[in-house]
Amino acid sequence: MTAPTWILHASGLNKQYGPGCPRCQQFTGPAHNNSQCPVCNTVYACVDAGFTLHQGEVLGIVGESGSGKSTLLQMINLATAADSGNIWYREPRTPDADPVDLLQMDAYRSRHFRNDRLGIVYQRPELGLNMRFTVGGNVAEKLLLANWRHVGNIRTRIRELMEQTELPPERIDDDPHTFSGGMLQRVQIAKALSSSPSLLLLDEVTSGLDLSVQARVLDLIRRIQWEQQMTMLLVSHDLGVIKQLARRTIVMKNGHIVESGLTDQILEDPQHPYTQLLVSSAL
Amino acid sequence: MTVPLLHVKNLHKSFVLHLIDGRTIDPIQNVSLTVDSNQHFLLWGRSGIGKTSILKCIYRSYLASSGEIWFNSDQFGSVDMVQADDSMVLKLRHREIGYCSQFLKVLPRVAALDVITEPLVRQGMLQAQAHDIGREWLTQLGIAQRLWHASPVTFSGGEQQRINLGRAFIASPRLLLLDEPTASLDASSKQIIVDMIQRAQQRGTAVLTVSHDLDTLAKLADGQLAL
Amino acid sequence: MSTTPEQLYNFGFIDEDSKREVRRQILKAIALPGHQVPFASRDLPIARGWGTGGLQITMAIIAADDTLKVIDQGVDECVNAVNLRRLLQRTTGVTTTVDTTAASIIQTRHRIPEEPMRRDQILVLQVPMVDPLRWVEPNLERATIMHGESDYGRMWVYMYESVVKAGDLRIATQYPVIVAGRYMMDTTPIPRWDVMRLHNAEALFLFGAGREKRIYAVPPYTTIEPLQFEDFRFKTEFVAGQICARCGAQDAFLTSHFVVDSDHPDGGHWRSSCSDTSFCDKRVLVNATNQEAPK
């Protein structure tokens, strides 16, 4: 029997905002088209979510605004604390080591893990970047946190990353405000890749960009996935983006995973009423 | 008795249309068929009878409602494509089962040479080596050299279809599912397809074709089923 | 000199309960070197921002047999130092001094005295801005979390940006350091000259910020590492050839002032002298004795 190829196995992830009451179940969930209990006002952002992510795989998470997909991503990013559940992680560089539960780590190790093993790209660049620092400074942050202490070496690495993400390296010391939306996404990607993470989290990275810019950013992500066999978790409300990048997809609604499967199966033979609506609404 | 490469048993597929008052349609009812290694199996019948749906159930683009689809994998032994988990299906698609849809769907920014060699590169072949093979294939498929670095989106229907099929054949899967391979092709293009199917069989690929073009394909078929 | 304390006030002005609160937080700060400990900062007869944090620490730790020295910018005679000293002296009756070696408690702003401090001495620093992360994270709550998780990446970016924009580490005072390999600490407004004098020092350093209600400490023999790069090292203000115009010291922190020439009102020159005046006075005296000796 060969070693399992998964690197991340999440199960039973819950996140609620509010105390909860005995009648919550009666009123919330996709069947009631509601995430908030009308009795106690508790919001169920994510309920009993789980998935397995294999090395080198792209998993799509699709759903409308407020469906809980970003909450799920932020729980994996260890930025939002899950109320319960497990996130088992198997380090791809040491495949024989036992998996660890990321949710059991203390704050210090969790911070270190986030910096070193995860990369994240947000829809809004100002969430992922510090607009007061230069482009190079932003890309350098993860390196500095990982104890890179030689400015010359750091700048060589930044330029490498900028070339990799098709940014002009001579603009290393420029102000991010002078960059276009598509370029800022590339800066975010360069920053995310700087620590050679084992998992890249993408949160609506192309939403809000012009179509032509969107296509080029997606091309870049596809190339990185291809060349580095990067494992990715891709959140999008756009089925077109999911279709281009993800082989497997999770569909979320009102905090619940209503369907998961191969992306082509989700698109061609959707089972859940909501997925059918989603597919039929695609342009 | 040897185990067949593909054995479909009592396959049912129904669609529940939640958006149209939840009605159910049943395009496939109780279909069984067997495909052996190296065989060319032809599935024919009139439009709308569910031929393509059977292919998609085998490829798992559709989830079968009931029945069994046993695929005899080289790596994993007998696998029921109805029950197999997603990652197993992905592994089989990666190495053993190919699917060629009726129309070529590619990104408009990728060159023909990259489109046709994509399955090889995905299997881990170096790009230079894959491109060498790709050039041979494009020549055989009769695609003019000046088009190799253009996107197939700009090609004629016949050229697109030849690229589409070339891409499916190039990786030599053990089972290839072809959906209407000769539709919209002229006689000479059809002959290229016929040659490809024959060569694939020689290399050990079993082909399951869905078509209503009996004139071209029936004479090639080792087995057939009319719906 | 020593006088009887004013009977109208408590010993050390603030009440015993308040002193106990301050002492408890001092102990906590010593136990967690470099960590900012909140404390209940009292109202005092001087304005917040004029050294109330340091003053409360001194008031909480001072005893009748202590000898006190108060300096501001290294000077014993500047307005703030004089007034703080007078308040402390009137309410405690302790002996005061300008001699660093004679003092048991030294309250200061901006400087660590030039003469090495001993293990029986405590230096109390008045802190204007507590958190080095304030430069990169104005939100207190988030900065506290960053300290908790050792999330100092952004501060390092700040240092990197300083190199990129200015060509070198350009931070005049409040140089950020890592204390005992854990917490990042602001070295208050002491010059870079004094930063490494905190490193593995014999004396106890207590930092108090009255306005921001925080106490932190560098206990004796604690490591201090300034933030620096392998190719851009931390530097002090030392300039080769610098010399004090009064005492001739070359290895002291100097301040400079422009002296107008009395003959030519348009002319003049810059003159450097020791910022630690009591130390400078001592050297002047020693020089004078040495010159007189041959006679």
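1. Chain B and chain A bury about 1,900 Å² between them in this predicted model. Carbon and sulfur atoms give 54% of that area. Three residues stand out on the chain B side: Leu19(B), Leu90(B) and Arg109(B) supply 27% of the area that chain B buries against chain A.

2. The contact takes 22 residues from chain B and 22 residues from chain A.

3. Charged and polar pairs cross this interface. There are 4 salt bridges between chain B and chain A. One of them joins Lys56(B) to Glu268(A), with the closest N and O atoms 2.8 Å apart. The count of residue pairs in polar contact is 9.

4. Which elements of chain B give two or more residues to the side that touches chain A? They are β1 (6-17), α1 (51-59), α2 (86-95) and α3 (112-122). The largest share, 5 residues, comes from α2(B). By class, this side of chain B has 11 nonpolar, 3 polar and 8 charged residues.

5. Now the second largest pocket. Its volume is about 1,300 Å³. The lining has 42 residues. Nearest the pocket centre lie Arg111(A), Arg114(A), Tyr122(A), Asp151(C) and Arg154(C).

6. The largest share, 5 residues, comes from α3(A).

7. The lining of the second largest pocket divides into 20 nonpolar, 10 polar and 12 charged residues.

Technical notes
Residues are numbered from 1 along each chain as its sequence is written. Chains are lettered from A and ligands numbered from 1 in the order in which they are written. This is a predicted model: local features need pLDDT of at least 70, side-chain atom pairs count only at pLDDT 80 or more; totals for chains, interfaces and linings use all residues. Side-chain values use heavy atoms; hydrogens and water are left out. Contact means heavy atoms within 4.5 Å. Buried area is the accessible area (1.4 Å probe) that two parts lose on being put together, summed over both. A salt bridge is a side-chain nitrogen of Lys or Arg within 4 Å of a carboxyl oxygen of Asp or Glu. A polar contact is a pair of N or O atoms within 3.5 Å; within protein, one must be able to donate a hydrogen and the other to accept it, and residues adjacent in sequence count only if both atoms are side-chain atoms. Helices (H or I, at least four residues) and strands (E, at least two) are DSSP runs, numbered from the N terminus. Ala, Val, Leu, Ile, Met, Phe, Trp, Tyr, Cys and Pro count as nonpolar, Asp, Glu, Lys and Arg as charged, and the others, Gly among them, as polar. On a 1 Å grid over the protein atoms alone, a cavity is a set of points where a 1.4 Å probe fits but cannot get out, and a pocket is an open set with protein on both sides within 12 Å along at least five of seven lines; lining residues have an atom within 4 Å of a point. Grid points are joined across faces, edges and corners, and a volume is the space filled by probe spheres set on the points.
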